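Hi,

Here is the structure I promised to pass on. My notes on what turned up follow below it.

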Amino acid sequence: MAKEEQLALLETLDDFTSKENWDKFFTIRGTEDAFEWYAEWSELRDPLLSHLPPKPQILVPGCGSSRLSEHLYDAGFTSITNIDFSKVAISDCLRRNVRLRPLMRWRVMDMTAMQLEDEAFDAVVDKGGLDALMEPELGPKLGDQYLSEVRRVLKSGGKFICLTLAESHVLALLFPKFRFGWKISVHAIPHKPSSKPSLQAFMVVAVKEMSTELQEITSSFNKSSLACRGSQGRGLLEAVENENQIRREYSSASDIQHSLEDLKLGARGDLTKLRPGRRFQLTLCGGSHFSCRAVVLDAKENSGPFVYHCGVFIVPKTRAHEWLFSSEEGQWMVVESSKAARLVMVLLDASHVSASMDDIQKELSPLVKQLAPGKDDNGAQIPFMMASDGIKQRDIVHQVTSSITGPIIVEDVIYETDNGDISRILPSRDLTFRRLVFQRSEGLVQSEALLSEEGSKYKIVGQSEKKKTNSSSKSKKRGIQRRSDETSHQLKVYHGYLASSYHTGIISGLMLISSYLESMASTQKSVKTVVIGLGAGLLPMFLHKCMPFMHIEAVELDPIVIKLAKEYFGFIEDDHLQVHIADGIQYLRKAVHFAAEDEKSAVRGNEDGHCNSDPPSSNGSHLAFHVEGQGISKVDIVIIDVDSADSSSGMTCPAADFVDESFLRTVKDALTEKGLFIINLVSRSQDIKDTVISRMKMVFSHLFCLQLEEDVNEVIFALPSASCIKEDGFAKATLQLEKLLKLEHPEISQSIIDATKKIRHLK
């Protein structure tokens, strides 16, 4: 049959994936005429043979009636298995070769579901088979199944040699499928000088390697000449460059969040086998838009005996930030206690708040089964374990919705885990903590206070583990939960103890100016302090109670928050502690303006021989520092302790405007020469943290930071003065701070002292 007739017959196929169509094609065409796709043997011989190892076991899938296998056999490669789902084609080829090439094998078989052993072949040679499966109208399903089979049947070091027209939709499947653990090269098949085919044939060679290291795709053709071949050449070059860009980005990432598909393709090696000490992160995506972060850990050497071959450990959002679950060291401790050879640690977030644990487990089950070691489902159950949210009892004291802050909850909680520090100092039964929760920030626990019995000044009733400043209450509550107004009249907030670790960190930073504080206190001068962000008022009340030489102005935008602080957290104003309803940024800017105007008036007054009149009293529009006859003056300490209503900024605390360069310069202008600026920074993005710190370095002379353990909080301390304390003076300065703190229980200062040892100099 003439080639033109064969091509005309091919056009009648319609669907290249149809077995019936191919049987009809081979029946009509006849038994002796071979049909060759893309290139003749004379064109293929040299490039193809150069990639075949000595004496290989070769598989030719979708062989059809091509004589490619016969040419390979005659070239000395006699261990060849040919498969095709067309019985007509296999029968014709078998009759043609049974006597001439007796060692060659022919089998009727679907190339997308091969009945062949794993790792049985050194080479798979595909001449147009993948292209035929990749009908654009049918999608990539069959092609994906076929390539999965190719990956399975190839030995380590084996080669997939794919002769293809390299259309974009084919390469979009082929390149990612062989991304991890494979080395890919692309070659153009040379044509006879006399032939001028409309389409260029290519040979893609993928080598199966042991390493999962990503390697860029290489090519042996002239790129400039290929680009001249029209859209086909340009499309191939673009596909190679796009894939290489993905591989470069993947290789440069420090802690990659894999997809389940990446893992199936070998991103972390063979998951069917346990590899002691292996750890990686991934995103699990299921139906109904379910998605969550997870960490997979294979138990370390000598960790057995194991009770489970694979286990799932679910961490609720309220505890996902804790050191035990967020750090690598802590995660290995969980693996050891789980008695699982492989542990899938699932970290829930705010998107799972409304889902029941049964629903979450139902979504996770089919996903984690794909991560279990072993190839066959032997019926072994995968247990689901869970870290509780750490709360044994929760009493909702009050709920309110503010037009500014949104839904707010006041709750009393008893934690499951003891806090050795406070319980040793104040032994009692379960300690109770009162929490102010802002629901807008994924259930941010804005403030947390220890409660004491009404009528007893020192007796404490509650116990807790170390709390984290950004611990959340928005996840589904566990333990006993009830609305209770009974507890509130029996207990009161104890203002001599800071339950939040970042509040302790803020106090520890006062060590940086302890000499100045001591000199002010000894001369009975007020240390003027501004706290922007009242919350429950716990930090201002602690400062007021334990550092009585301070004059504190708190600034809070939301009157509802002030009301809650007074009614439920014991916040009380007096001559040395006042609160103003105002925007913190505008408040401080007006303070700087009025201070500057006051200085000008004083100068003019001295020049004219007149006394300066008092400025208007503060109603929240500017600072009320008009103490000791000094008029409006600069402040000694500015503390920013506000959360962000805009999660798109990447920061939970503070709002982005509070770290804008213009506001930072306002703060610097507001501070005295010996002053201190403190900001509580909460962000999981290191890039955002680095940006904030870089910006602060531009404005302030010296910068210090305190990274809190088990937390995403970082407390930043900035000094406007050109000179500052040296690190070798920290110990003496800490002693000065300890003496300045007037604590009813001096032992409580230990956590503050410990925090000073972790402060480090950034600039």
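Where is the place of Lys339? Lys339 sits in the loop between helix H13 (328-338) and strand S13 (342-347); helices (H or I, at least four residues) and strands (E, at least two) are DSSP runs, numbered from the N terminus. Before the rest, the ground rules: this is a predicted model, where local features need pLDDT of at least 70, side-chain atom pairs count only at pLDDT 80 or more, and totals for chains, interfaces and linings use all residues. Residues are numbered from 1 along each chain as its sequence is written, and side-chain values use heavy atoms, with hydrogens and water left out.

Most residues other than glycine have a negative phi, and most peptide bonds are trans. Lys339 has a positive phi, near 60°, and is not a glycine. With 39% relative accessibility, Lys339 counts as partly exposed (buried means under 20% relative accessible area, exposed over 50%, partly exposed in between, using a 1.4 Å probe and protein chains only).

The loop between S11 and S12 holds another such residue, Asn302, whose phi is positive at about 60° although Asn302 is not a glycine. Asn302 is exposed, at a relative accessible area of 79%. Pro305 is also found in the loop between strand S11 (291-298) and strand S12 (311-315). A cis peptide bond joins Gly304 to Pro305, with omega about 0°.

**Rings**

How many aromatic pairs does the count come to? The total is nine, where rings of Phe, Tyr and Trp (its six-membered ring) pair if their centres lie within 6.5 Å; planes under 30 degrees apart count as stacked, over 60 as edge-to-face and the rest as tilted. One of them is Tyr146 with Phe160: the ring centres are 6.3 Å apart and the planes stand at 75°, so this pair is edge-to-face. Tyr146 belongs to helix H7 and Phe160 to strand S5 (residues 154-164), so the pair links distant parts of the chain, 14 residues apart. Both partners are buried, Tyr146 with a relative accessible area of 0% and Phe160 with 1%.

Phe658 and Phe663 make another edge-to-face pair, with centres 5.4 Å apart and planes at 85°. Phe658 is buried at 9% relative accessible area, and Phe663 is buried at 0%. There is also an aromatic cluster, formed by Tyr146, Phe160, Phe178 and Trp182.

**H7 against H8**

Two packed helices are described by the angle between their axes and the distance between the axes. The axes of helix H7 (residues 141-153) and helix H8 (residues 168-177) come within 11 Å and cross at roughly 30°. Axes here are lines fitted to C-alpha atoms, for helices over the stretch in contact, and angles run from 0 to 180 degrees between N-to-C directions. H7 and H8 are therefore roughly parallel to each other (angles under 35 degrees count as roughly parallel, over 145 as roughly antiparallel, 65 to 115 as roughly perpendicular and the rest as oblique).

On the H7 side, the contact is made by Gly143, Asp144, Leu147, Ser148 and Arg151, and on the H8 side by Leu173, Leu174 and Lys177; contact means heavy atoms within 4.5 Å.

**Whole chain**

The chain has 24 helices and 28 strands. Of its 763 residues, 53% count as buried.

Cheers
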